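Trainee: I've got a new model open and I'd like to learn how to read it. Can we walk through it together?

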Amino acid sequence: MYGYMEEQQHVVGSDPENRPSHHTPDISREETDLTRATKRRKLDHLVPTSARDLFATFIGLRNKGVVPMPASSPDRPETPRVQKAPVLAKSPPRTTPEEVIDQNTVLLPAHWVDATITHRYMASLSLIQKRALVQELQGDACRVTLVERCSLGGCDIIVDPDRAIIFASLFALPTQIEALAERISGESWRYNEILVVFEAYPSARSCRAKDKNGDRDGLGPYAYSPPIVKATKRLRRIVSIAEGCGTKDKRCSVIWAFANGIEEAAKMVRCFGEEACARAMQDVAGELWGEREWLEEEETEGEADLAGVEGMNAFAAFVMLYGRTLEDVLDMSPESRAEEFGGLVGQERVVCLRVFDLAVLWLTDTHLLGEAEWDTRETYVGSEI
C-alpha cells in the first residue's frame with residue numbers, strides 16, 4: 001500500500017499536466033500589464049500640466065461633493081451644475097460716468113463724421129513715441145499730421161499759438177495730482193485754452209501698434225474706481241485754488257476730456273482742432289490754418305530760445321521766425337512787430353517779446369540802454385497791455 005502511494009506521487013510530480021497550478025499563466029500577466037498601462041495613460045490625461053491647473057483641479061475636486069444616489073429613488077433628477085462665467089477676450093464697452101463730467105468736460109459727438117481736410121499740429125517727442133495714438137491720428141477718421149519737436153515745454157500737442165493739449169494717465173492720477181496741477185498752471189501763462197485728455201486705459205496701449213488681427217484693446221482694469229474719481233475732483237479743486245491764488249492765469253480756460261480708448265483719444269484731438277480752426281477763421285489768425293504745409297519746415301535757429309520767453313510757445317515762435325532770424329525779429333521796432341505779428345500770435349505776446357528785447361539788450365549792451373528807458377519799461381508794458 002505504501003509503495004502504491006509513492007508511485008502515484010511520482011507520477012503526479014513528473015507529469016506536467018497533472019502538476020497542481022500555483023501561478024497565473026503568462027498570457028494572464030500580459031493582459032494585466034496591458035490593462036494597467038491603459039489605466040495609467042488615462043490618468044496621465046488628468047494630471048495638470050501647470051501649477052495653476054493643479055490648483056484649479058484641487059479646488060474642483062475639493063468643492064465637488066460625491067453624494068450617493070438612494071436606492072429607493074432611482075428617478076431622482078440630477079442637480080444642475082453651476083456653469084463657469086465666460087472668460088472675455090476683450091473688456092466690455094465702457095462709458096464715462098456722470099460723476100466725473102462737469103460744465104468744462106467735452107464729449108464726443110454721437111455720430112462721428114470722418115475728416116476731409118488734413119490738419120497739422122506740433123507734437124513733442126514723447127508723444128510721437130506713442131505709436132498707436134499716432135497711427136489713429138493719421139487715419140482716415142482724424143487726418144492729423146504731427147510735426148515733431150524735441151520738447152514743447154509741459155504740453156504734448158500745440159494746435160495753434162493759443163491752444164495746446166496735455167495727455168495724462170487716469171490710472172496714475174492719484175499719485176500725480178500735484179505734479180499735473182503744477183504743469184497745467186505753468187502752461188496756462190502761455191496759452192488761452194488747454195485741453196487735458198485723461199487716458200482711461202493702460203498707457204502701454206498707446207505705444208503698441210495693432211497686431212495682425214487689428215486688435216490692440218485687450219482686457220484692462222476699470223478706470224473709474226472710487227479713488228480715481230476722488231482724485232479727479234481733487235485735481236479740479238487744486239487748479240481752481242491755483243487760479244484764485246494767482247499761480248494760474250485766470251484768462252486760460254482748462255477743458256477736461258476722458259478717452260476710454262485710443263480711438264476716442266485721437267478723436268478728442270481732432271475735435272479740439274476743429275473748434276480752434278472755426279474760431280480762428282473769424283479773425284486774422286485764420287491765415288494760420290488750412291493744409292499748413294509750411295509747418296513741415298525744420299526747426300529754425302533760435303526757435304527754442306524765443307519759445308522760452310514768458311508768454312511765448314513753440315508755435316508762436318515758429319510763426320514769428322518763419323523766413324526770418326531771431327536777430328531780424330529783435331531788430332524790428334515794437335510798432336512793426338505789433339502790426340505784423342499781433343493778429344497772428346496775439347498782442348500780449350508781442351508785448352512780452354518787448355520785455356525780452358529789453359532784457360537781451362541789457363545783458364549784451366548795457367551801455368546802449370539808457371537808464372530812463374530801462375526805468376520806464378514797466379510803464380510801457382503796462383500801457384501796451
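Mentor: Helix H6 (residues 177-187) lies across E4, strand E5 (193-199) and E6, at about 175° to E4. Helices (H or I, at least four residues) and strands (E, at least two) are DSSP runs, numbered from the N terminus. The angle is taken between N-to-C directions, from 0 to 180 degrees, with axes as lines fitted to C-alpha atoms, for helices over the stretch in contact.

Trainee: Before we go on, what kind of model is this, and how are residues numbered?

Mentor: It's a predicted model: local features need pLDDT of at least 70, side-chain atom pairs count only at pLDDT 80 or more, and totals for chains, interfaces and linings use all residues. Residues are numbered from 1 along each chain as its sequence is written, and side-chain values use heavy atoms, leaving out hydrogens and water.

Trainee: Which residues of H6 are buried?

Mentor: Helices first: an α-helix has 3.6 residues a turn, so residues three or four places apart point the same way. Buried means under 20% relative accessible area, exposed over 50%, partly exposed in between (1.4 Å probe, protein chains only). Here the buried ones are Ile-177, Leu-180, Ala-181, Ile-184, Ser-185 and Glu-187. They pack against E4, E5, E6 and helix H7 (226-245); a contact is heavy atoms within 4.5 Å.

Trainee: What is the strand order in the sheet?

Mentor: Strands pair if DSSP finds at least two bridges between them. This open sheet of six strands runs E2-E1-E3-E4-E5-E6, with mixed pairing. Strand E2 (144-149) and strand E6 (253-259) each have a single partner strand, so one side of each is left without a neighbour in the sheet. On average, neighbouring strands are turned by 30° against each other, direction ignored.

Trainee: How many bridges join E3 to E4?

Mentor: Three, between residues 157-160 of E3 and residues 163-169 of E4, and these strands run antiparallel. Asp-160 stands opposite Arg-163 in E4.

Trainee: Where is confidence lowest, and where is it highest?

Mentor: Look at pLDDT, the predictor's confidence in each residue, from 0 to 100. The chain's mean is 78, with 68% of its residues at 70 or more. Helix H15 (residues 377-384) is lowest, at a mean of 45, while E5 is highest, at 97. Over residues 1-14 pLDDT is below 50, and this stretch has three contacts beyond near neighbours in sequence. Residues 367-385 also stay under 50, with 16 contacts beyond four places in sequence.
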